[in-house]
Amino acid sequence: MTDPIADYLTRLRNAIRAGHRVVEIPSSKMKREITKILFEQGYILNYKFVEGPTPSGTIKIALKYDPADKVSAIKNLHRVSRPGLRQYTGYKDMPRVLNGLGIAILSTSYGVMTNKEAKERKIGGEVLCYVY
C-alpha cells in the first residue's frame, strides 16, 4: 500500500455510505492522531484502539449519525497531500475549509493538528485532508 492515510479515509467514506455503525481500520501513529482529532471536533461518536494480531493493532471507530434523518456528521473527506504530490502551507495562508465550517488536518513539526490550532500557534505543515 502506497498511501495508508488515503486508505483510512476511504474506509471511513465507504462505511458511511454503507450506513455502518462501526468501522475497523488498521492502526498507525498518524491514523491514531487523526482519529483523536475527528473525535475532539465531533465528527465521530467514539473510538477504541485495539491491540491484536498485527503489531500496530486496529482502530474501532463508532460513526456519528443524526438520529432523526440518519445523515452522517461527516459529509466529505478529501485527501489533499499525496505521496506523489505533497501540499505544504505556511501559517499565513492556512486553508479555510467550507468557509470555516470544516477543518483541515495538518501534519506539523509539533504533531498532527487542525488548521485552526496550527494558525493559533503560528506553524505550517503538510495538509493531510479536509473534513466537513
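Buried means under 20% relative accessible area, exposed over 50% and partly exposed in between, for a 1.4 Å probe and protein chains only. The model is predicted: local features need pLDDT of at least 70 and side-chain atom pairs count only at pLDDT 80 or more, while totals for chains, interfaces and linings use all residues. Residues are numbered from 1 along each chain as its sequence is written, and side-chain values use heavy atoms, with hydrogens and water left out.

**View 1. Tyr88 in strand S5.** At 60% relative accessibility, Tyr88 counts as exposed. Tyr88 lies in strand S5, residues 88-89; strands (E, at least two residues) and helices (H or I, at least four) are DSSP runs numbered from the N terminus. Contact means heavy atoms within 4.5 Å. Apart from neighbours within four places in sequence, Tyr88 is in contact with Gly125 and Glu126.

**View 2. Leu128 in strand S8.** Leu128 belongs to strand S8 and is buried, its relative accessible area being 3%. Not counting residues up to four places away in sequence, Leu128 touches Met30, Ile34, His78, Arg79, Val80, Ser81, Ile105, Leu106, Ser107 and Val112. Ser56 and Leu128 are 72 residues apart in sequence, and their C-alpha atoms are 21 Å apart in space.

**View 3. The packing of helices H1 and H2.** Helix H1 (residues 4-18) packs with helix H2 (residues 29-40) at an angle of about 40°, and their axes are 10 Å apart. Axes are lines fitted to C-alpha atoms, for helices over the stretch in contact, and angles run from 0 to 180 degrees between N-to-C directions. H1 and H2 are therefore oblique to each other; angles under 35 degrees count as roughly parallel, over 145 as roughly antiparallel, 65 to 115 as roughly perpendicular and the rest as oblique. H1 contributes Pro4, Ile5, Tyr8 and Leu12 to the contact, and H2 contributes Met30, Lys31, Ile34, Thr35 and Leu38.

**View 4. Thr35 within helix H2.** Thr35 is in helix H2 and is buried, with a relative accessible area of 0%. With residues up to four places away in sequence not counted, Thr35 touches Tyr8, Ile44, Tyr47, Ile59 and Ile61.

**View 5. The nonpolar cores.** A nonpolar core is a set of buried Ala, Val, Leu, Ile, Met, Phe, Trp, Tyr and Cys residues joined through side-chain atoms within 4.5 Å. The largest such core has 25 residues, and those with the most contacts inside it are Leu12, Leu38, Ile61, Ile105 and Val131. At least two residues of this core come from each of H1, strand S1 (22-26), H2, strand S3 (58-63), strand S6 (103-108) and strand S8 (125-131). H1 supplies the largest share, six residues. A second, separate core of nine residues includes Met94, Val97, Ala104 and Ala118.

**View 6. Two loop residues with positive phi.** Most residues other than glycine have a negative phi. Asn99, in the loop between S5 and S6, has a positive phi of about 55° although it is not a glycine. Asn99 is exposed, with 62% relative accessible area. Lys122, in the loop between helix H3 (115-121) and S8, also is not a glycine and has a positive phi, near 60°. Lys122 is exposed, at a relative accessible area of 55%.
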